[in-house]
Amino acid sequence: SYTTDTKSREENKKTLENLCSLSVDITKIRRLKEWVLLQDVAYVKEIAGILQEMGADETTVANIIESCPEAILHTPAEINSQRALWQLVCQNEKRLIKLIEQFPESFFTTEYQQNQKANILFFQELGLKNNIITRFLTSAPNIFYNPVEKNKNVIETLQRNYLNLGGSEANMKIWILKLLSQNPFILLNTSTAIQENLEFLQKNDFTDQEVLQLLSKLKGFIFQLNSTTMQKSMLFSKNIFKCSDQELKQLVLKCPALLYYSVPVLEERLQGLLKEGISVAQIRETPVVLELTTQIVQYRIKKLSALGYDIKSGNLESLNGTKKDFEVTYGKIQSKKERPIFNPVAPLHIDD
């Protein structure tokens with residue numbers, strides 16, 4: 001428990017001296033988290049020593065402390081425990097230092113060490129590879145703060161539903177691991193929320209097979225939604241595309257974004273497409289285009305127009321996909337346009 005009352009306190013001279021000796025930019029810390037410099041006790045030399053022992057050079061140590069100043073308020077024992085914990089999934093200390101430099105706040109959150117350890121062991125038992133668990137530790141650290149029972153409960157709910165929806169026992173493990181690696185944040189949901197969302201889809205006449213298909217396509221994002229927002233998004237799409245319930249269902253299966261994005265997002269993207277002269281009928285034909293932001297759509301239309309490709313009369317498929325997909329499509333259209341119109345093997349008649 002550190003005090004953040006800065007009015008009546010003075011900066012700790014010893015902390016400042018130790019930071020200066022490590023070439024740490026103190027103005028940066030003052031700007032970011034000045035309260036760290038006011039604490040009576042700081043472990044500057046000790047924390048720097050542990051990082052150096054792991055292979056960090058002076059610049060790396062300075063970078064870590066500048067971007068996460070509260071690192072120096074942890075005891076050496078806490079940091080050594082955290083080091084041992086992260087080494088359960090990342091034995092290479094050189095790689096570990098790189099991760100700490102990139103994600104210092106994830107590493108220096110030490111309040112949940114027991115939960116972190118239990119969850120790491122649980123994920124390993126589940127069959128997740130260490131590099132995936134390491135990725136979770138850095139980019140989704142909150143899932144390790146949950147008690148392990150909570151995470152186990154969510155996984156069990158997913159497994160039970162997967163089997164109830166007709167998924168096979170043989171594929172279940174692969175399905176769960178894929179879902180987790182695509183979106184670890186599903187573990188921040190409650191089992192009840194997961195159950196309710198699946199029931200919502202079933203009430204809307206999606207067959208068990210279709211619900212499974214949606215779960216895989218949505219990469220688990222469906223579990224971060226609620227039935228109210230899904231209902232509103234589906235109603236909005238139904239009105240825009242003037243379609244029956246059955247047709248709407250097919251559109252959602254083609255483009256789960258119609259379920260996932262809120263009405264304001266769908267509205268903004270739709271308006272962006274209409275402004276470019278694209279018709280509602282074209283969008284209905286290729287709804288996946290709504291997964292792209294307005295900026296991306298405008299950029300892609302501009303690039304295709306420069307090649308003389310008229311999107312208004314063409315197919316919207318050429319706009320779709322990832323950046324890489326689009327570049328492939330663009331390249332094909334470009335080479336088609338640049339192809340010579342004469343027959344390259346025909347003899348040329350040249351006057352002498």
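**Entry 1: Thr-134**

I looked up Thr-134 and found it in helix 9 (residues 130-139); helices here are DSSP runs of H or I with at least four residues, numbered from the N terminus. The model is predicted, so local features need pLDDT of at least 70 and side-chain atom pairs count only at pLDDT 80 or more, while totals for chains, interfaces and linings use all residues. Residues are numbered from 1 along each chain as its sequence is written, and side-chain values use heavy atoms, with hydrogens and water left out.

Thr-134 is buried, with a relative accessible area of 5%. I noted the cut-offs: buried is under 20% relative accessible area, exposed is over 50%, and partly exposed lies in between (1.4 Å probe, protein chains only). Leaving aside neighbours within four places in sequence, Thr-134 is in contact (heavy atoms within 4.5 Å) with Val-89, Cys-90 and Leu-99. I also checked Ile-120, which is 14 residues from Thr-134 along the chain; their C-alpha atoms are separated by 9.2 Å.

**Entry 2: Cysteines**

A disulfide is a covalent bond between the sulfur atoms of two cysteines; the criterion here is a pair of cysteine sulfur atoms within 2.5 Å. I found zero disulfides in the structure. Cys-90 counts as buried, at 7% relative accessibility. Cys-255 is in no disulfide either, and the nearest cysteine sulfur, in Cys-243, is 12 Å away. Cys-255 is buried too, with a relative accessible area of 0%.

I placed Gln-82 in helix 5 (residues 76-86). Is Gln-82 buried or exposed? At 0% relative accessibility, Gln-82 counts as buried. Apart from neighbours within four places in sequence, Gln-82 is in contact with Ser-106, Phe-107, Thr-109, Thr-110, Gln-113 and Gln-116.

I then turned to Asp-57, which sits in the loop between helix 3 (44-53) and helix 4 (58-67). Asp-57 counts as partly exposed, at 44% relative accessibility. Asp-57 and Ile-97 are 40 residues apart in sequence, and 9.8 Å apart in space from C-alpha to C-alpha.

**Entry 3: Helix 14 and helix 15**

Helix 14 (residues 227-241) and helix 15 (residues 245-254) pack at an angle of about 110°, with their axes 10 Å apart. Axes are lines fitted to C-alpha atoms, for helices over the stretch in contact, and angles run from 0 to 180 degrees between N-to-C directions. Helix 14 and helix 15 are therefore roughly perpendicular to each other; angles under 35 degrees count as roughly parallel, over 145 as roughly antiparallel, 65 to 115 as roughly perpendicular and the rest as oblique.

Which residues of helix 14 and helix 15 meet? Met-234, Ser-237, Lys-238 and Phe-241 of helix 14 meet Asp-245, Leu-248 and Leu-251 of helix 15. I listed the buried residues of helix 15 as Leu-248, Lys-249, Leu-251, Val-252 and Leu-253. These buried residues pack against helix 13, helix 14, helix 16 (257-260) and helix 18 (280-285).

**Entry 4: Helix 12 and helix 13**

The axes of helix 12 (residues 191-203) and helix 13 (residues 208-217) come within 10 Å and cross at roughly 130°. Helix 12 and helix 13 are therefore oblique to each other. Leu-198, Leu-201 and Gln-202 of helix 12 make the contact with Asp-208, Val-211, Leu-214 and Leu-215 of helix 13.

Conventions
Helix = DSSP H or I, 4+ residues; strand = E, 2+ residues; numbered from the N terminus.
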